[in-house]
Amino acid sequence: MSVSGIQGQLLQVTVAGCTKLKDTEWISRQDPYVCVEYGSQKCRTRTCKDGGKNPTFQEKFMFTLIEGLREISVGVWNSNTLSSDDFIGNGKIQLHKVLSQGFDDTTSPLQTKTGR
C-alpha cells in the first residue's frame, strides 16, 4: 500500500486481544471491550465476558482510508451492568508502517487515567 494516494482504499484492522490490563473490578473479573476509531468511523468489539486482564477478541474491522489521517485511536473499557462502563485505557496507533510495508503486527501500549 503506497503512503501517498490512500484516499478511499480499505484498511483491515484486527483487534487480537489485550495483555496486562489495569483491573477495574474489586469483586468479579472485568468484562473488557475495545473501541477503534479512524476519523468518523467507529467500531466496537464484543464484550469479552470475564476476560479479566488478558482478554482475547480476534475481531476484524474494515476502515476506508482518508488522505492525511495517519493514526487510529483505540479505547478499552470494562462493561458494567448496573453502572456506567469503566475506562481502562486508550492509545493511538500510527499507520506509517502499515502504509509503507502493508502490515503492522506490533502491540501498542495504553495510557490509563493516571497517565501510566
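# Close-up views of a predicted model

**View 1. Strand 2 and its partner strand 3.** Strand 2 pairs with strand 3 in the antiparallel sense, over four bridges. Strands (E, at least two residues) and helices (H or I, at least four) are DSSP runs, numbered from the N terminus. Two strands pair if DSSP finds at least two bridges between them. In this contact, cysteine 35 has arginine 44 of strand 3 as its bridge partner. Two residues lie between the strands of this hairpin, where glycine 39 takes a positive phi near 60°.

The model is predicted: local features need pLDDT of at least 70, side-chain atom pairs count only at pLDDT 80 or more, and totals for chains, interfaces and linings use all residues. Residues are numbered from 1 along each chain as its sequence is written, and side-chain values use heavy atoms, with hydrogens and water left out.

View 2. Four strands form an open sheet in the order 3-2-5-6, with antiparallel pairing. Strand 3 (41-44) and strand 6 (86-94) stand at the edges. Each has a single partner strand, so one side of each is left without a neighbour in the sheet. From one strand to the next, the twist averages 20°. Axes here are lines fitted to C-alpha atoms (for helices, over the stretch in contact), and angles run from 0 to 180 degrees between N-to-C directions. Strands of a sheet pair through backbone hydrogen bonds, either parallel or antiparallel.

View 3. Six bridges join strand 2 (residues 32-38) to strand 5 (residues 71-78) in the antiparallel sense. Proline 32 has asparagine 78 of strand 5 as its bridge partner. Cysteine 35 is bridged to glycine 75 in strand 5. Glycine 75 in turn has asparagine 90 of strand 6 as a bridge partner. Strand 5 and strand 6 run antiparallel and are joined by eight bridges.

**View 4. Two aromatic pairs.** The count comes to two aromatic pairs. Rings of Phe, Tyr and Trp (its six-membered ring) pair if their centres lie within 6.5 Å; planes under 30 degrees apart count as stacked, over 60 as edge-to-face and the rest as tilted. Tyrosine 38 and phenylalanine 63 have ring centres 6.3 Å apart and planes at 65°, so this pair is edge-to-face. The pair links distant parts of the chain, 25 residues apart: tyrosine 38 is in strand 2 and phenylalanine 63 in strand 4. Both tyrosine 38 and phenylalanine 63 are buried. Buried means under 20% relative accessible area, exposed over 50%, and partly exposed in between (1.4 Å probe, protein chains only).

Tryptophan 77 and phenylalanine 87 form an edge-to-face pair, at 5.3 Å centre to centre and 75° between the planes. Tryptophan 77 lies in strand 5 and phenylalanine 87 in strand 6, so the pair ties together parts 10 residues apart in sequence. Tryptophan 77 counts as partly exposed, at 29% relative accessibility. Phenylalanine 87 counts as buried, at 19%.

**View 5. The largest pocket.** Its volume is about 900 Å³. Of the 35 lining residues, Gly17, Ile93, Thr106, Thr107 and Ser108 are the closest to the centre. On a 1 Å grid over the protein atoms alone, a pocket is an open set of points with protein on both sides within 12 Å along at least five of seven lines; a cavity is a set where a 1.4 Å probe fits but cannot get out, and lining residues have an atom within 4 Å of a point. Grid points are joined across faces, edges and corners, and a volume is the space filled by probe spheres set on the points. Strand 1, strand 2, strand 5 and strand 6 each supply at least two lining residues. Strand 1 gives the most, with seven. The lining divides into 18 nonpolar, 12 polar and five charged residues. Ala, Val, Leu, Ile, Met, Phe, Trp, Tyr, Cys and Pro count as nonpolar, Asp, Glu, Lys and Arg as charged, and the others, Gly among them, as polar.

**View 6. Two loop residues with positive phi.** Lysine 20 is not a glycine, yet has a positive phi of about 55°. Lysine 20 sits in the loop between strand 1 (10-17) and strand 2. Its relative accessibility is 76%, so lysine 20 counts as exposed. Aspartate 50, also not a glycine, has a positive phi of about 55°. Aspartate 50 belongs to the loop between strand 3 and strand 4 (56-64). With a relative accessible area of 41%, aspartate 50 is partly exposed.
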